[in-house]
Amino acid sequence: MTSLGLEDKVVLVTGGNRGIGAAIVSLLQELGTQVAYTYRSSSEDQHGALAIQADVTDKAAMEAVAEKVEQKLGPIYGIVANAGITRDNFFPKLAIEDWDAVIDTNLKGVYNTLMPVIPKMYEREEGSVVCISSISGERGNLGQTNYAASKAAVIGLTKSLAREAARYGVRVNAVSPGFIETDMVKSVPDKVKERIVSEIPLRRFGKPEEVAWAIAFLLSPIASSYVTGEVLRVNGAHHT
Ligand code: NDP
């Protein structure tokens, strides 16, 4: 059988307890990967994956996560920087706390996740990083100045780090999902959802599993070995 080459590789997924993160944990396990994931609040057991409670905004906690994963599972080959939040409001009403929370989680959280591992990947001359951006970061969205800014920044981080990391054999890519059926879009009113779906050429929201496959492709040392600095859209042609 053809393989993605992820068997027995160690991959760390942030925010792996639900939504897109849970789908990637589950798919990676099916592909034979050694998966560790973080969560903030609570988590049900994900079929034996190593679950660690840690807030991505906490630098020391994320350093401890990297150490624990390497101790328990071995050298980290892949990282999926997935944890993210929204705190939507129209700009004049956007509180500084909501600005800070989104930037801290979605952008600084990526820094905190990658920093303890990237130097080790350079030493080992092996690694694949996938950051999660968003359609909002690419084209903007009403009520999401904070979120869109954080997700656009993630693309800048991805492209810059990809250029730096290439000489060490480490690849860095991003996945940019459109509207995906998770808790994150549950709060969108039905009327708004209908309007959004009518704008999507595939005429539906995406599923977490459909994003997970794109992430698995980018993690794969076989399937995407010549892909780095790329932003892979998974959005049903909502934005091209
Ligand atoms: P969910 O709201 O379903 O899940 C978010 C995940 O992030 C949870 O596991 C949550 O943990 C975790 N998380 C949030 N804040 C922190 C934190 N400070 N520290 C650690 N973990 C944290 O979101 P999705 O699955 O929908 O989104 C996953 C990623 O995909 C996010 O980056 C999001 O921005 C992005 N995305 C989502 C889209 C969508 O339509 N759903 C579209 C485009 C991008 P806990 O449960 O413990 O709070």
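Let's start inside the fold: I20, G21, A22, A23, I24, V25, L27 and L28 of helix α1 are buried, meaning under 20% relative accessible area with a 1.4 Å probe and protein chains only. This is a predicted model, where local features need pLDDT of at least 70 and side-chain atom pairs count only at pLDDT 80 or more, while totals for chains, interfaces and linings use all residues. Residues are numbered from 1 along each chain as its sequence is written, and side-chain values use heavy atoms, leaving out hydrogens and water.

Helices here are DSSP runs of H or I with at least four residues, strands are runs of E with at least two, and both are numbered from the N terminus. The cover over the buried residues of α1 includes β1 (10-13), β2 (34-39), β4 (76-81), β6 (170-177) and α9 (208-219). Just after α1, G32 takes a positive phi of about 85°.

Now for the ligand. Around the ligand are 28 residues, of which N17, R18, S41, Y147 and T182 come nearest; a residue is near if one of its heavy atoms lies within 4 Å. N17 places a polar side-chain atom 2.5 Å from a ligand oxygen atom, and Y147 has a polar side-chain atom 2.5 Å from an oxygen atom of the ligand. From I180, a backbone N or O atom lies 2.8 Å from an oxygen atom of the ligand. Taken alone the ligand exposes 900 Å², and the protein buries 96% of that, with areas from the Shrake-Rupley method.

Helices α1 (19-30), α6 (145-165) and α7 (183-186) each supply at least two residues of this shell, and α7 gives the most, with three residues.

Conventions. Polar contact = N/O pair within 3.5 Å; in protein donor to acceptor, adjacent residues only side chain to side chain. Areas by Shrake-Rupley, 256 points an atom, 1.4 Å probe, with all protein chains shown as cover. Buried < 20%, exposed > 50% of the residue type's maximum accessible area, 1.4 Å probe, protein only. Contact = heavy atoms within 4.5 Å.
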